[in-house]
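Please keep the sequence and the 3D view open while reading.

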Amino acid sequence: MSFVRFLGTGSAAPEKVLANADLEKIVDTSDEWIQTRTGIRERRIADPGTATSDIAYDACVRALESASVDPVDLDAIIVGTVTPDYLFPSTACILQSRLGARHIMAFDVLAGCSGFMYALQAGKGIIDGGNAKKVLVIGAETLSTIMDFQDRSTCILFGDGAGAAVLSESDTPGIMSITMGANGSQWELLYMPGGGSRIPASEESIRNRSHFLKMAGQEVFKEAVKAIESSSLEAIRLADLTPDDIDLFIPHQANYRILEAVRKRIGLPVEKVFSNLDRYGNTSSASVPIALDEAVRSGRVKKDDKILISVFGAGFTWGAAVVNW
Ligand code: UT7
C-alpha cells in the first residue's frame, strides 16, 4: 500500500516589517484596536517590484533543502495563490523554470486563502494516481499589491509571504485524511472586482478602486468559524481519530478570535494550537504552510505527531487535513 508524506517544508517572507504603529500613520486605526480585534502586531510587506514567485522561490529552495530533494527529481509543481505574478502564465511555470526543474506539469490553483490546501489535495491526488512520486506544493502571496491603504477594515489584516512543502510517495502513512468544500453563493463577501473579464482594467476601474480586495469582515468571520470547525472535525473523523489524538492544530491564521472560537468548539487546549498571526497577519494561501514550517523548524512537531491543518477563504472555500508527521 502506498501513502503520501511530507518530506520537507520551507517558508520565506519579505524583510520589511509594517507594524501596527506604522498603520496608525496611514489610516484611522490604533495598535490597541488591531491587537484586540485580530491578534496581529505586525506583518511583512514586499518592496515594490517584488512578485509572488520571488518570495515563493526562497520558500521552495528551503523546502527542497529540508527534504533533500533536487529540483530535477520533482514531478509536479502546484502553487496556491490569489496574487500570481501575472494572470498568465502561472506562477508555477515561472518557478519551474527558475528552480531548474524538468519539463514537468506546473499549474496554479485559485481557491482564496484555501489555496495551499487545494494544492495539497491536487498534489496528493496526482501521487495517488501514479502520475508523480514527488510534488512541490506552495502557498504564496503578495497581498500588499491588492491592499487598499485607504480601507482600514482590510489593510490592517493582510501580509506577504510564502510556504512550500515537498510531498512524496511513501510506504508509511503521512496524509491521513483531507476534506475540502466550496460554496459560491456568497462570493461577493470577499473578492477583488477588477482585473478579470467582468471588470477589465480601465481608467474607471482604477478610479473606483476596483483592483483592491473587498471584504465584509463580520460575515466572513462567522462563515470562517463554522467551516473551519466542521471541516476540522470531519478530517479528524476521516482519519479515525478523536480531537484528543491531535498533537498540534495549525489553522488558517486570519484572526486570533477565529482561532479561539474554533479551538473551543473542537475542544482543544490552548497549548495545542500553533499561531504566528501576531508576526505575519493573514497571508492567505501562505498562512498554513508558513505556520507549518515554523512549527516544524521550532521543534513543535515530532515524528508521528498527528497534525491538524485547516483553511477557509474566498469563494467561499475551505478544507482540513490530518497528517501523521
Ligand atoms: O482569510 C480570509 C478570511 N478572512 C477573515 O477571516 C477575516 C474575518 N473578519 C475579521 O477578522 C473581522 O471581522 C475584522 C477584523 C475584519 C473586523 O473586526 P470586527 O470585530 O468584525 O469589527 P467590525 O467590522 O464589526 O467593526 C467594528 C467597528 C466599526 O466601527 P463602528 O461602526 O462600530 O463605529 C468599524 O468601523 O470597528 C471599526 N473599525 C476599525 N476601527 C479601528 C474597522 N476597522 C477598524 C480599524 N481600526 N482598522
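Helices (H or I, at least four residues) and strands (E, at least two) are DSSP runs, and they are numbered from the N terminus. The model described here is predicted. With that numbering in hand, the protein counts 11 helices and 13 strands.

**Overall build**

- The radius of gyration is 19 Å, close to the 20 Å that the globule rule gives for 325 residues, so the protein is as compact as a globular protein of that length.
- Of the 325 residues in the protein, 53% are buried.
- Among contacts with a separation of 6 or more, 77% join residues 24 or more positions apart.

**The largest pocket**

- The largest pocket holds about 1100 Å³ of space.
- Its lining consists of 41 residues, and the closest to the pocket centre are Val82, Pro84, Leu87, Leu110 and Met192.
- Sorted by class, the lining of the largest pocket has 22 nonpolar, 16 polar and 3 charged residues.
- Domain 1 (3–172) and domain 2 (176–324) each contribute at least three residues to the lining of the largest pocket.

**The second largest pocket**

- The second largest pocket holds about 530 Å³ of space.
- Its lining has 25 residues, of which Met215, Gly217, Gln218, Phe221 and Asn255 are the closest to the pocket centre.
- Which elements each supply at least two residues of this lining? They are the helices α2 (31–38), α6 (152–155), α8 (217–238) and α9 (256–266), together with the strand β12 (306–313).
- The element that gives the most to the lining of the second largest pocket is α8, with 6 residues.
- By class, the lining of the second largest pocket divides into 14 nonpolar, 9 polar and 2 charged residues.

Terms used: Residues numbered from 1 in each chain as written. Predicted model: local features only at pLDDT ≥ 70, side-chain atom pairs only at ≥ 80, totals over all residues. Heavy atoms only, no water. 1 Å grid on protein atoms, 1.4 Å probe; cavity = no way out; pocket = protein on both sides within 12 Å on 5 of 7 lines; lining within 4 Å. Points joined across faces, edges and corners; volume = space filled by probe spheres on them. Nonpolar A, V, L, I, M, F, W, Y, C, P; charged D, E, K, R; others polar. Domains from an automatic or database assignment. Rg over C-alpha atoms; globule rule 2.2 N^0.38 Å. Buried < 20%, exposed > 50% of the residue type's maximum accessible area, 1.4 Å probe, protein only. Contact = heavy atoms within 4.5 Å.
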